[in-house]
Amino acid sequence: MKPAPFIRHVPKTLDEAVRILGAVAAEEGRVLAGGQSLVPIMAFRLAKPAHLVDINEIAELGRMSNDGKMLRIGALVRHAAFHKPVVDNPLGHLLAAVARAIAHYPIRLRGTFCGSLAHADPSAEWCLVAATLDATLVAHSTRGARTIAARDFFQGIMTTALAEDELLAEVRLPLLAPDTRFGFNKFSRRAGDFAMSAALAVYRLQDGKMTDVHLGVGGAEPSPRRIPEAEAVLAGQAPGDTVFRAAAEAAAQAVEAMEDHQTSADYRRDLVRAVVRRALEQSA
Amino acid sequence: MSEKTAITLHINGRDYAIAVEPRRTLADAIREDCGQTGTHLGCEHGACGACTVLVDGEPVRACLMFAVQADGKSIRTVEGLADGDTLHPLQQAFMEHHGLQCGFCTPGFLMLAVGVLEREPDISDDDLLDVLSSNLCRCTGYQNIVKAVRAAAQQMRGNRPAR
């Protein structure tokens with residue numbers, strides 16, 4: 001239960017971090033942010049990075065800002081920063097509702113939003129948020145910066161579009177219209193545990209009808225994603241039990257549920273049906 | 001072996017100048033290099049919370065932080081809670097409400113609760129329950145820990161100097 005030896009690098013700026021990462025990436029170099037996922041994996045020796053680029057002393061990465069259209073979240077913004085709404089917009093309330101479901105309080109004080117996305121655990125709450133809200137991710141390397149759409153970013157279990165020398169420096173989430181409603185539901189066996197399924201429903205309520213519907217499911221497939229079949233059921237309809245159940249059924253049918261030694265695909269599909277319906281009920 | 005780095009850990013107001021490999025966890029450094037064995041190690045992968053200490057006032061899992069990352073930071077462990085023979089209100093409450101049996105998880109629960117109550121003195125009962133779900137106890141069934149922390153929270157609020 002002790003991590004393998006590594007060399008630690010402590011850059012003070014993003015440029016310096018990217019330069020170091022570029023130099024050590026090929027020799028099992030990894031970025032260390034909050035460490036709440038990486039360090040346990042290192043303790044089990046499932047990961048044995050030879051170099052860690054510790055970004056905790058890069059002040060510029062701790063910033064969060066909004067320009068009236070987008071919330072920009074820097075690579076060192078911790079989960080706990082979202083305990084209270086960070087912006088006077090439905091997005092702030094959505095993030096606060098989801099943040100409470102992430103692991104436990106001490107973990108939330110250290111773990112970071114961007115780190116969770118870069119780690120890309122299928123059940124991660126922030127990955128579900130990024131996929132559902134069509135987040136834009138900004139990756140930096142010595143070759144420059146590039147933006148990646150959330151739908152292209154998640155490529156499977158703990159697999160992302162990031163190249164090994166790229167650092168996820170920022171995530172951009174769109175601010176939501178004032179008439180936005182949302183609901184979030186997660187199923188896990190113990191408080192703070194990994195989601196066996198989770199759903200996030202976000203839509204605008206205009207003239208009593210649901211429009212601009214985003215319905216995301218996490219924890220069920222190798223990556224979280226929006227479920228267009230369920231969104232189509234909801235779009236243009238008034239919120240209500242019948243349509244919520246129909247959308248939940250559509251989502252359950254649409255997912256290719258993962259199987260593991262504790263959870264059959266059928267059971268996980270049932271969970272998807274339940275979490276989607278509960279998320280929608282909470283939104284109404 | 002990788003090279004050792006010289007660092008200083010400020011634990012409970014005392015400086016410990018030590019040399020550690022980067023891979024040395026804060027928990028191991030506190031126990032092995034600084035000799036402060038009140039902090040316990042259970043799972044060593046962030047699941048149990050037994051090793052919870054305060055770093056710059058924040059409760060963190062000391063097994064998920066490297067000692068080199070705590071260089072120069074202010075660390076508080078269970079050894080720093082009592083004032084001489086006078087127990088901290090939380091320690092007293094754990095005793096009075098039977099919040100421990102074997103005691104292995106107790107230092108972690110105490111530091112978790114102290115950290116949270118100092119940061120958020122007016123935390124609601126529901127939120128407190130959520131916070132206490134962070135750590136594992138295999139003896140008590142948790143009810144007496146919850147009772148103890150709620151009682152101490154009330155007492156600490158009562159002791160707050162008037163603004």
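1. Starting with chain A: strands β6 (residues 136-141) and β8 (residues 167-174) of chain A run antiparallel and are joined by five bridges. A:Ala139 sits opposite A:Leu168 of β8(A). For the bookkeeping, helices (H or I, at least four residues) and strands (E, at least two) are DSSP runs numbered from the N terminus, and two strands pair if DSSP finds at least two bridges between them.

2. A word on provenance: this is a predicted model, where local features need pLDDT of at least 70, side-chain atom pairs count only at pLDDT 80 or more, and totals for chains, interfaces and linings use all residues. Residues are numbered from 1 along each chain as its sequence is written, while chains are lettered from A and ligands numbered from 1 in the order in which they are written.

3. Back to the sheet around that pair. Five strands of chain A make an open, antiparallel sheet in the order β4-β5-β8-β6-β7. At its edges stand β4 (64-66) and β7 (144-149) of chain A, each with a single partner strand, so one side of each has no neighbour in the sheet. From one strand to the next the twist averages 20°; axes here are lines fitted to C-alpha atoms (for helices, over the stretch in contact), with angles from 0 to 180 degrees between N-to-C directions.

4. Chain A also has an open sheet of three strands with parallel pairing, ordered β1-β3-β2. Its edge strands are β1 (7-9) and β2 (29-32) of chain A, each pairing on one side only. Neighbouring strands are turned by 25° against each other on average, direction ignored. Four bridges link β2(A) to β3 (residues 51-54) of chain A, with A:Arg30 opposite A:Leu52 in β3(A). Helix α1 (residues 14-24) of chain A lies across β1, β2 and β3 of chain A, at about 170° to β3(A).

5. On to chain B, where seven bridges join β1 (residues 5-11) and β2 (residues 14-20) of chain B in an antiparallel pair. B:Ala6 has B:Ala19 as its bridge partner in β2(B). The hairpin has two residues between the strands, and B:Asn12 takes a positive phi near 50°.

6. Leaving out residues up to four places away in sequence, B:Met156 touches B:Pro89, B:Leu117 and B:Pro121 (contact means C-beta atoms, placed from the backbone, within 7 Å).

7. Finally, the interface: 23 residues of chain B are in contact with 24 residues of chain A. On the chain B side, β4 (58-61) and α3 of chain B are the elements giving two or more residues, and β4(B) gives the most, with four.

Methods: Two residues are in contact if their C-beta atoms, placed from the backbone, lie within 7 Å.
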